[in-house]
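These are notes for a colleague who is opening this structure for the first time. They cover pockets and aromatic pairs.

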Amino acid sequence: MASHIMLTSHNRGRSGRAPAVEWGATSARARGPLIASLGEPGLRNVIGTHAGAYSVYRALAVASGQLQRDHRPDLTDTAPAVAIGPHPQWSDPGAIVSLDPWGHRVAEEFAHLIAAGMDIRPTIAVTTAHINMPELQAAIAAGRLRADGTVLAANGDVRVTKAAIDPVWYLPGIAERFGIRETALRRALFEQTAGMFPELVTRPDLKVFLPPIGGMTLYFFGDVAKLGRPETKVACRVHDECNGSDVFGSDICTCRPYLAHGIEVCVEMAQQGGVGLVVYNRKEGRALGEVTKFLVYNARKRQRGGDRAETYFERTECVAGVQDMRFQQLMPDVFHWLGIRRIDRWASMSNMKHGALAAAGIEVVERVAIPDALIPPDARVEMDAKVAAGYFSVEAPPAEAELALAKGRGLHE
Ligand SMILES: [Zn+2]
């Protein structure tokens, strides 16, 4: 351990050594490396540290003597499995404000600086995989999907490329996206994390923040190299994490059915020569967290009159104070990163996600609703409430009397 605790809250005149950051510059070198290294405080040019919330586990590993505090990753052979970009949107400082467009290429772009001893780390990694879900096998059996041996194998295996993205926030751009002052944003971030990052309020010269939150995972179907070309047709599902349904098959909501349906639409598009994309955001329970979510489930099922659509959003607001904290304003960034200007098939019913794409200048050609047969019975409450609130549907919104009917199971059923 070092003998002194190094405070990061003031720069002590060392900022001249830290590389400048010019967000939205036309090349990685012109933009400059983002340095979140803890070992060399004088070189740091961002607020926060790598790996989001996992930095706390890193602290435990260091505190318990299992990890050297100055360990540096060996990036040999870790380069992206396929190339992504650069795309013209990367040099528009307002287009991408919540991730580092060069984040997967730092080992290559800044090889000279890393060789010279700077601790510069990727915030994006790109690899390949095979995935398989029972729903895909069912889609083959039902004749909706056919195996082609390339995208989709007869046993249901799907070949994908996948990318993991840690959030990187350019604070002036985030503030602009929300229509608030940067100082107000910084103060709220400082106060709501109980003062976790003092530089938010003491170092206005540092404009980039690595927030301790979950990031996103992208699953690509088809040839990623085709993205960014105007002729490439794209199918997409933007999915916000729901552990209960996505992983465990809980039937109170439509999350996993929607995810599986989205993947089906993506596989189809890849088989037709286009590219399918699933964006999986770590925003559990509308970014309210799973504890809040389970409290809301109890409140919904225990309320007088039972679990019904007319009080669906109200019950969430009683517990959380808001209905939703996912903030779709930042969601379109990933499409700018991939050079996507048009989505031909959009597997989502969310009016908020659709509106965010429109505001970002990304055209949606066709909105694909989930087939009714894929909605579990206990999830009718959620579906009715969402359609009544303006979510996209091919059917007319349910009438008031319909919304007042208890459709969800009781707490102990
Ligand atoms: Zn869900």
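1. A pocket here is an open set of grid points where a 1.4 Å probe fits, with protein on both sides within 12 Å along at least five of seven lines. The model is predicted. In it, the largest pocket holds about 1300 Å³ of space. Its lining is made of 40 residues, and those closest to the centre are Leu38, Gly39, Thr49, Arg58 and Arg69.

2. Two or more residues each come from helix H6 (171–178), helix H7 (182–192) and strand S8 (275–281). H7 supplies the largest share, 4 residues. The lining of this second largest pocket divides into 22 nonpolar, 6 polar and 4 charged residues.

3. Turning to the rings, the structure has 9 aromatic pairs. One of them joins Phe178 and Phe327: the ring centres are 5.4 Å apart and the planes stand at 75 degrees, and because planes over 60 degrees apart count as edge-to-face, the pair is of that kind. Phe178 belongs to helix H6, while Phe327 sits in the loop between helix H13 (312–320) and helix H14 (333–337), so the pair ties together parts 149 residues apart in sequence.

4. Phe178 has 29% relative accessibility and is partly exposed. Phe327, with a relative accessible area of 41%, is partly exposed as well.

5. A further pair is formed by Phe335 and Trp346, with ring centres 6.4 Å apart and planes at 65 degrees, so this pair is edge-to-face. Phe335 lies in helix H14 and Trp346 in strand S9 (residues 342–346), so the pair links parts that are 11 residues apart in sequence. Phe335 is buried, at 0% relative accessibility. Trp346 is also buried, at 0%.

6. Finally, ring pairs connect Trp169, Phe197 and Phe209 into a cluster.

Technical notes:
Residues numbered from 1 in each chain as written. Predicted model: local features only at pLDDT ≥ 70, side-chain atom pairs only at ≥ 80, totals over all residues. Heavy atoms only, no water. 1 Å grid on protein atoms, 1.4 Å probe; cavity = no way out; pocket = protein on both sides within 12 Å on 5 of 7 lines; lining within 4 Å. Points joined across faces, edges and corners; volume = space filled by probe spheres on them. Nonpolar A, V, L, I, M, F, W, Y, C, P; charged D, E, K, R; others polar. Phe/Tyr/Trp six-rings, centres within 6.5 Å; stacked < 30°, edge-to-face > 60°. Buried < 20%, exposed > 50% of the residue type's maximum accessible area, 1.4 Å probe, protein only.
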